[in-house]
Amino acid sequence: MLFDLPIIEQFYKSFASKVSNARELLGKPLTLSEKILYAHSSNESSKKTFLRGEDYVLFNPDRVAMQDATAQMALLQFMNAGIDKTAVPSTVHCDHLIQANTGASEDLNLALKQNNEVFDFLKSVSAKYGIGFWKPGAGIIHQVVLENYAFPGGMMIGTDSHTVNAGGLGMIAIGVGGADAVDVMVGMPWELKMPKLIGIKLTGKLNGWTSAKDIILKVAGILTVKGGTGCIVEYFGEGAESLSATGKGTICNMGAEIGATTSIFGYGKKMEEYLVATERKEIAELANKVIADLNPDKEVIENPEKYYDQVIEINLSELEPHVNGPFSPDIATPISAFGKFIKDNNYPEILEVGLIGSCTNSSYEDLTRAASIARQASEKELEVKAEYIVTPGSEQIRYTTERDGLLNDFKSIGGLVMANACGPCIGQWNRHNSDPESKNSIITSFNRNFAKRNDGNPNTHSFVASPEIVTAFAISGSLLFNPLTDTLTNKHGKQVMLDEPKGIELPEKGFEVKDPGYIAPPENTSEISIEVNPESDRLQLLRPFQEWNGDDIFGLKLLIKAKGKCTTDHISMAGPWLKYRGHLDNISNNLLIGAVNAFNDETNTVLDTESGEYMKVPDLARKIKANGGASIVVGDENYGEGSSREHAAMEPRNLGVKVVIVKSFARIHETNLKKQGMLGLTFANKDDYNKIQENDTFDLLGLKSFKPNSQFELVINHANGTSDTAKLNHTYNNTQIEWYKAGSALNLIRKHSK
């Protein structure tokens with residue numbers, strides 16, 4: 001469908017001149033990212049050169065997208081802002097609250113019953129404030145955005161970390177928390193530290209079993225889960241030009257797993273073909289007129305080391321299929337070494353489930369490549385050894401693949417087609433296994449594989465690969481199998497090999513769909529009322545957080561000292577907790593229950609220094625708050641990596657946590673803490689993390705002189721009467737300090753709107 005054409009036409013009319021102005025301002029050739037960033041800098045920030053990784057910049061994004069799990073809190077905040085209608089085009093997509101269980105139709109019907117209150121709330125708020133609404137079953141937000149809203153050169157934000165998927169159509173798309181979305185929806189500029197730039201030059205061409213997914217799996221192995229933090233990853237080169245638009249989307253999507261602000265590709269023939277195929281020929285024609293400005297300047301491509309902060313080169317002709325994991329998406333192993341990797345680490349060799357789809361790999365091309373492998377299993381009379389689950393990315397994809405027989409290919413080998421939703425990728429999976437705590441292996445074409453993420457079992461070893469590799473593994477039932485070199489024994493005892501996958505980028509008969517699942521907002525919204533039952537356990541109207549009292553903070557108690565990886569999944573789990581995403585107090589009962597306590601290596605058991613007993617983390621936080629006290633959270637490296645969920649910042653705020661002190665933060669989570677009026681600080685000396693003891697209390701000094709680049713002092717009072725100190729750094733600018741003083745960014749917005 002074609003949305004917002006007049007707005008996009010207006011955008012392209014001024015884009016070339018804005019790029020020209022930016023080139024003159026910077027006095028050098030420009031990367032694609034710089035062109036789009038400077039073209040979207042607000043009037044308050046224009047006509048200034050910004051230092052990458054240092055200067056905060058105000059931007060005017062073109063649109064906002066929200067998924068149902070995060071939209072609840074975002075819209076509850078927006079309702080408090082005192083605005084009648086969103087200032088930019090915005091959408092809500094119902095894709096997170098559908099649990100994968102028995103199959104698409106049954107699961108969708110059950111979700112509609114179980115989540116009726118939430119869906120009705122989102123639908124009515126969307127109608128009231130001029131927001132486009134995509135019904136449950138319409139598809140996963142990122143696939144729907146790519147099919148309908150993304151356009152080359154544009155800028156959008158979304159309340160999901162995988163908003164970055166839209167980079168596959170040449171758009172700067174950034175995952176944010178709900179409070180950031182509120183900024184843009186009320187018409188305020190949106191703030192971001194000017195990202196550094198990583199250039200990835202792709203040479204050669206993919207062949208055989210290797211796909212676009214393997215590029216990002218390789219990149220994740222190179223950069224690790226924090227190597228892209230504060231950076232935009234920009235792909236260029238002949239290898240980039242040869243990739244399909246949806247393949248580019250896959251690469252950008254999983255760029256979230258390296259901590260990147262976003263990832264992007266330049267505009268070219270493949271994007272044009274995708275725009276035309278998805279009935280947006282008009283946008284392709286507009287983009288074609290400014291194609292040079294929708295790519296890095298020639299000088300940048302010729303001498304990338306001069307213009308990017310880091311350059312990586314990958315020869316696609318030599319790239320092997322990769323499998324990443326378990327437990328972290330950056331453990332990258334080429335297929336030729338994967339069997340040995342499994343053996344050497346004593347990981348479970350038997351594969352129990354293979355899952356394909358999700359927002360990362362559910363395009364038409366992805367499913368045709370996987371279906372070509374599934375078809376061979378039938379033709380070569382192979383018995384499929386593992387359970388096999390398929391999740392289409394949108395109703396348009398599902399309808400078109402069913403029409404073209406691809407879903408039958410999956411069903412013929414026992415594949416179970418789930419609803420067009422996130423499902424197992426985010427833990428919305430009722431896995432049918434006899435022992436939910438057993439040590440086992442699964443493989444997916446998803447993006448994340450943290451412990452417990454898919455099925456809640458900490459002993460599930462989850463690996464990530466392309467849909468075709470996942471399908472081949474599911475057929476074999478063994479992680480020691482290499483589909484490029486190994487044979488399989490069919491029903492007649494004959495040794496057969498799987499042929500290379502064959503994919504079709506775009507359907508020969510075109511995309512087709514009967515009901516895409518979209519509901520446009522009505523013209524007249526005066527009669528629409530929004531009511532929230534005060535007795536509801538799913539929805540809760542928000543109360544403003546308290547302002548800063550003007551003093552330093554004394555007598556803080558330790559809630560938890562988290563050890564090792566502590567993602568937003570550890571801080572605020574998804575899965576069954578998704579039902580409470582619109583009720584802050586109820587969902588606060590999952591605060592940090594997945595974090596590992598550094599003092600006992602256990603989860604959800606922390607010391608109550610008053611009683612000397614161990615308690616659940618949220619219970620201790622509530623006790624400290626009820627007694628008039630406040631608490632502190634201490635964390636390790638890259639604290640808060642993963643999802644953009646702002647609940648991971650709102651829950652500690654709600655339960656009386658005043659300060660989060662870590663070795664380093666993931667970008668989105670640090671921003672979310674700031675937005676909610678929290679103090680997110682880092683150890684100036686990371687070794688000071690080791691000074692924190694289990695029964696310490698703390699005084700935080702320096703708030704009265706809180707200003708950009710200032711330092712705080714943490715006084716660590718030990719139970720034996722001695723004390724230590726630690727210097728703490730922060731990255732707050734003047735505006736963010738005002739958020740803290742006001743109690744939250746939303747408090748400041750409300751104050752200004754009045």
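**Entry 1: the model.** I am working from a predicted model. I looked up the secondary structure and found 25 helices and 30 strands.

**Entry 2: overall dimensions.** I took the extents of the C-alpha trace along the principal axes. They are about 75 × 60 × 55 Å. Next I checked the radius of gyration. A compact globule of 754 residues would have a value near 27 Å, and the protein has 25 Å, so the two agree.

**Entry 3: burial and surface.** I looked up how much of the chain is buried. Buried residues account for 63% of the 754. The accessible surface comes to about 27,000 Å². Carbon and sulfur atoms hold 46% of that surface.

**Entry 4: contacts.** I looked at contacts between residues at least 6 apart in sequence. Of these, 76% join residues at least 24 apart.

**Entry 5: charges.** I counted 76 positive and 94 negative charges. Their mean positions lie 2 Å apart.

**Entry 6: helix α5.** I then turned to α5, which runs over residues 116-128 and has 13 residues. From first C-alpha to last it reaches 18 Å, close to the 18 Å expected at 1.5 Å a residue.

Which residues of α5 are buried? I found Val118, Phe119, Phe121, Leu122, Ser124, Val125, Ser126 and Ala127. I recalled that an α-helix has 3.6 residues a turn, so residues three or four places apart point the same way.

What covers the buried residues of α5? The cover includes helices α3 (68-79) and α4 (104-114). It also includes strands β3 (90-93) and β4 (132-134).

**Entry 7: after the helix.** I checked the backbone just past α5. Gly130 takes a positive phi there, about 75°.

How values were computed: Residues are numbered from 1 along each chain as its sequence is written. This is a predicted model: local features need pLDDT of at least 70, side-chain atom pairs count only at pLDDT 80 or more; totals for chains, interfaces and linings use all residues. Side-chain values use heavy atoms; hydrogens and water are left out. Helices (H or I, at least four residues) and strands (E, at least two) are DSSP runs, numbered from the N terminus. The radius of gyration is taken over C-alpha atoms; the globule rule is 2.2 Å times the number of residues to the power 0.38. Buried means under 20% relative accessible area, exposed over 50%, partly exposed in between (1.4 Å probe, protein chains only). Contact means heavy atoms within 4.5 Å. Accessible areas come from the Shrake-Rupley method with a 1.4 Å probe; for residues, only the protein chains shown count as cover. Lys and Arg count as positive and Asp and Glu as negative; His and the chain ends are not counted. The place of a charge is taken as NZ of Lys, CZ of Arg, CG of Asp or CD of Glu. The expected span of a helix is 1.5 Å times one less than its number of residues.
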